[in-house]
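Let's walk through this structure together, one neighbourhood at a time. Please keep the model open beside the text as you read.

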Amino acid sequence: MEEQPVTERPPAGDPRPGGSAGPALDRRAELSEFLRSRRARLKPEDVGLPDFGRHRRVPGLRREELAQLAGVSVAYYTRLEQGNGQNVSGEVLGAIASALRLTDAEQAHLSHLAKPKRHRKKPSARQQRVRGALSRLLDTMEGVPAYVVGRRSEILAWNRMAAAVFGDWSQLPPQERNWARLVFLDPEYQELFVEWDQKASDIVSYLRMDAGCHPDDPRLSALIGELSVKSEEFRRLWARHDVKEKSHGVKRLHHPLVGELSLGFETFTLPDDPEQSVVAYHAEPGSASAEALRLLASWGTDATRAGTSASGRQ
């Protein structure tokens, strides 16, 4: 029998502005909806199955087809998709991930949801701190915009060049130094990022990874709840259940002082705290963007103040 379409559940969280805590995310619901969303994106022809689409009432593969590809019974897979992953083995999860054609990040997310690790302390109980030596290293990176990002997309530390490029985060209350808040709730950041849609999608995908690792984090749940209330675009992206790891690439910016910037970026996860990453930006040598960074570096704190004033982020 064909299963019925499922309506996305509203995200858990505290919708109140500035809410510091919220109810934990429902891990079983997250597992169920993630599997459904990954199954829905596959067509029978994608996996070498015949398509009898005239009688399909839901998008993507049927449960029976996915179970066949993974080599498990339909009843077994159905229990898993209903959120019951307590006794599932790593081998079965691997087979299902292969059948769903999951990326490495998606497979890790599936494992976190189905077989969560037991944490001695909730992640919210430990405030993330940046080592002093790392902060000093950021300060020595002259001409290189760099910052440290932690759980929940929180901006933990940054150097002078990062402030000159992205705005002076020291002028914001600590709870607002958060990429998700800035990207979805601050209109100035929608103007800063030329490809804002991609930046927004990346941020949501990172938050999904965090939610899979720490579904019991009330501060993360509160953030998700607040963004869901305040941003229609966040709600749309959150419902996609996309996940990805921070990596590398190119960001195009429209800076209020120096105009267009095209900056490559690299992400370095800290070996002693994998929930903190250093993100560093660079420009192609000899390019207009490299010259613009040189100008920002030469202006120093004056550029930071002027950029903040021009973008309205005082």
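The angles run from 0 to 180 degrees between N-to-C directions, and the axes are lines fitted to C-alpha atoms, for helices over the stretch in contact. Helices (H or I, at least four residues) and strands (E, at least two) are DSSP runs, numbered from the N terminus.

You are looking at a predicted model, in which local features need pLDDT of at least 70 and side-chain atom pairs count only at pLDDT 80 or more, while totals for chains, interfaces and linings use all residues. Residues are numbered from 1 along each chain as its sequence is written, and side-chain values use heavy atoms, leaving out hydrogens and water.

First, the overall picture. The chain has 14 helices and five strands. Of its 314 residues, 50% are buried, where buried means under 20% relative accessible area, exposed over 50%, and partly exposed in between (1.4 Å probe, protein chains only). Contact means heavy atoms within 4.5 Å. Among contacts with a separation of 6 or more, 62% join residues 24 or more positions apart.

Now find helix 1 (residues 27–40) and helix 3, which pack at an angle of about 120° with their axes 8 Å apart. That angle makes helix 1 oblique to helix 3. On the helix 1 side, Leu31, Ser32, Leu35, Arg36 and Arg39 meet Tyr77, Leu80 and Glu81 of helix 3. Sorted by class, this contact has four nonpolar, one polar and three charged residues; here Ala, Val, Leu, Ile, Met, Phe, Trp, Tyr, Cys and Pro count as nonpolar, Asp, Glu, Lys and Arg as charged, and the others, Gly among them, as polar.

Stay with Glu81, which lies in helix 3 (residues 74–81). Its relative accessibility is 0%, so Glu81 counts as buried. What does the side chain of Glu81 make a polar contact with? The partner is the side chain of Arg63, at 2.9 Å. A polar contact is a pair of N or O atoms within 3.5 Å; within protein, one must be able to donate a hydrogen and the other to accept it, and residues adjacent in sequence count only if both atoms are side-chain atoms. Beyond four places in sequence, Glu81 is in contact with Ser32, Leu35, Arg36, Arg39 and Arg63.

Move on to helix 4 (residues 90–100) and helix 5 (residues 104–114), whose axes are 10 Å apart at an angle of about 140°. These two helices are therefore oblique to each other. Leu93, Gly94 and Ala97 in helix 4 meet Gln107, Leu110, Ser111 and Ala114 in helix 5. The residues of this contact comprise four nonpolar, three polar and no charged.

Next comes Glu154, in the loop between strand 1 (146–149) and strand 2 (155–158). With a relative accessible area of 12%, Glu154 is buried. Its side chain makes a polar contact with the side chain of Arg219 (3.1 Å). Leaving aside neighbours within four places in sequence, the residues in contact with Glu154 include Gln128, Arg177 and Asn178.

Finally, look at Lys251 in strand 3 (residues 248–255). Lys251 counts as buried at 10% relative accessibility. Ser262 is 11 residues from Lys251 in sequence, and the two are 5.9 Å apart in space, C-alpha to C-alpha. Not counting residues up to four places away in sequence, Lys251 touches residues including Phe193, Asp202, Ser262 and Tyr281.

Conventions: Angles under 35 degrees count as roughly parallel, over 145 as roughly antiparallel, 65 to 115 as roughly perpendicular and the rest as oblique.
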